[in-house]
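Please look at the screen while I talk.

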Amino acid sequence: MYLTGEEERILKGEEGYAKQKAMEILTVLGDIYGADRLIPVSSAQIAGVSYTSLGDEGIEWLESLQDCRVVVPAMLNPASIDLENWREMGISYEYACKQLRIIDAYRRLGVKPICSCTPYLVGLVPRFGEHVAWSESSAICYANSVLGARTNREGGPSALASAIVGKTPDYGYHLDENRKATVLIDVNVELETLSDYSAMGYWVGRTVGLGVPYFRGLKPRFSEELKALGAGLGTAGSIALYHVEGVTPEYYEALNGQVEKLNFTDRDLREVYCEYFKPVDESVELAAMGCPHMSLMELEEAAKLLKNRRVKRGCKLWLFTSIAVKRLAERCGFLKTIREAGGEVYVDCCMALAPLKSLGIRNVAVDSAKAAFYTRLLTRVNVFFGDFKSCIYSITEGQ
Amino acid sequence: MIIKCRRISGGYGEGYALVSPEPISFFGQIDRNTGVVCDERHPLYGESIAGRVLVFQSGKGSTVGSYVIYGLAKRGKAPSAMICMEAEPIVAVGAVIANIPMVDRPERNVFKNGDFIKVYADRGLIEVLD
C-alpha cells in the first residue's frame, strides 16, 4: 500500500505510540485486503464498548493509548448498562465501575460518550458518497444503503484507529465496483410491522451470507423499516449494503448483468417467526424493545399502545434508545405515558449485553430478529420473537 | 529450512510449534488468563499457546478476539509468534496491538507440532530447525 510522507512518519512513531499503533492497524488491514492507499473518513463509530465483551484486556488497551486525540467526530456503540440509570436496572456497583472506566478512557481520547447503534439519529449523519469508518452492523447497513455513505464492516480497533488517524484503507465498500447488487430478492409478501422487516432481513442475511441484496417489490413507508431491515441483514450474514428499487439512493445503477434471484414469500416470513425463533407466549417476564435503538416515532407508538395498559406484576417492560431521543420523548410526553404504565426507557445500552441472567430474568420477548439472535446467544435466557404489539401485550394488561 | 512468507506484524519470535488443524476464535476458545485452549470441541483443547509459535489457518469469530490477544500478551501468556495460512483482521489487529510477530502465506506448509521455529517477521522469513 502506498503511504504519504506524513503517513510514513506516523508509522515510524514520530507522532507518538498511539498514533503509530493506529497507523499500523490501518496499514496491516490495507495490506490484507489489497488496498492501494488510505482515504480520509469524516466520522467513526466505534464498537468495543461493553464491559461484557471488552473485558479487562480491552480496558488495559484503551488506557494504554492516552497520548493522542481522535481527529474526526467519533461516537460509541451501546454499552451494557444505562450510564446514568444503571442502579434502576439492577446492575452491581462493581460492574458499573468497570463499564464507566471504559467510557472514560474513550472520552479522554476525544470520543463522544454517546453510546448508540443509531448514530444517524443523534447527529452523526454522513452525506451521500462520504467515506466513514463505522462498526455497528445495523448502522453500517443504514449508512451504506439508506444514506449512500461508504463504510466497510469495521471492527472496534480498526474504527478507533480510523478515528485517531482520520483515514481508512481504500477497499471493499469504499469502491464503486463492490457496491453493485449480487442477488435480487423478489418480495412477494406485504410486510406490515417493523418486526416483519427485521425478520425478512434475518432470512435474507442467513440465505445470502455475504453479498449485496437488491429488493424488488418492497414499499417501505418509514425509514424505521429500513433500520429494522438492515439490522436483520447484518445479523445472520455479513451484509453491509443493500438496495431497494425506487427507494435507496444507489438502486438505479446497482443492477448490471446477471444476478442470482430469490423469492421471499409469506411462508419464509412465517418460518422466521415460528421456526428460527419461538413465538411470544404467556411465560414472558421481560419485553425488551429498541434493537436498534428506538426512534422518536417508535416511542410515540409505544406510548399510544400503553395509554390504557399497565405492566403486570412480576413483569418488566424495557425500551432502549439513545440519550437524545429519550430527551425528545420526555418533551413530547411519551416518556411519562410509558412510565405511568410501568415501563422504563433506558439509554446508552443494549439488551443483548445486559447481564439479564444475574437479574433473575429467564424469559424475554423481543420484536427484533437481531435482538432474538444475540440475546439468546449472549445472555443464555429464553427468547421469544413477535411484533411490537404482541410483545407489549404479553407483559401488560388493560384495554 | 528457510520459508518465505508475508509480514503482518513485525518483530522476531521463536519457540516450539503448536499446529492447529482448525481456525481459532481467541474470544471464547482461549482462556483469557492462562492461554490454554478451553473449548473442548477444539482439537487443541487443553494445550497452552503461551510461548509457542502458533501455526493455524486463520482467526474467526468476534472482533473482541483482538483484545484477548492483547490481554494474553500483557499476562505473558501469548504465543511468541504466529503463522497463519491466510491472515484475517481479528488476529492481525490483535498481533499489532500486542506486539506479537506475525506472518502469513508461508510458501510451504511443513510445520509439525514440536518443530523449533524462528519467525523473522520483518524480513518475511520463517526458519524451521531440524
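Helix α2 of chain B, residues 65–74, is mostly covered, with nine of its 10 residues buried. Buried means that 20 or more other C-beta atoms, placed from the backbone, lie within 10 Å of the residue's own. Helices here are DSSP runs of H or I of at least four residues, strands are runs of E of at least two, and both are numbered from the N terminus.

This is a predicted model, in which local features need pLDDT of at least 70, side-chain atom pairs count only at pLDDT 80 or more, and totals for chains, interfaces and linings use all residues. Residues are numbered from 1 along each chain as its sequence is written, and chains are lettered from A and ligands numbered from 1 in the order in which they are written.

Among the buried residues of α2(B) are Y67(B), V68(B) and I69(B). What covers them? The cover includes α3 and α7 of chain A, along with α1 (26–29) and α3 (89–98) of chain B. After α2(B) comes G76(B), with a positive phi near 70°.

Now the contact between the chains. In total, 20 residues of chain A are in contact with 19 residues of chain B, contact meaning C-beta atoms, placed from the backbone, within 7 Å. On the chain A side, α3(A) gives the most, with eight residues.

Last, chain B as a whole. It has three helices and eight strands, and 46% of its 130 residues are buried. Its C-alpha trace spans about 35 × 25 × 25 Å along the principal axes.

Terms used:
Contact = placed C-beta atoms within 7 Å. Buried ≥ 20, exposed ≤ 12 C-beta atoms within 10 Å, placed from the backbone.
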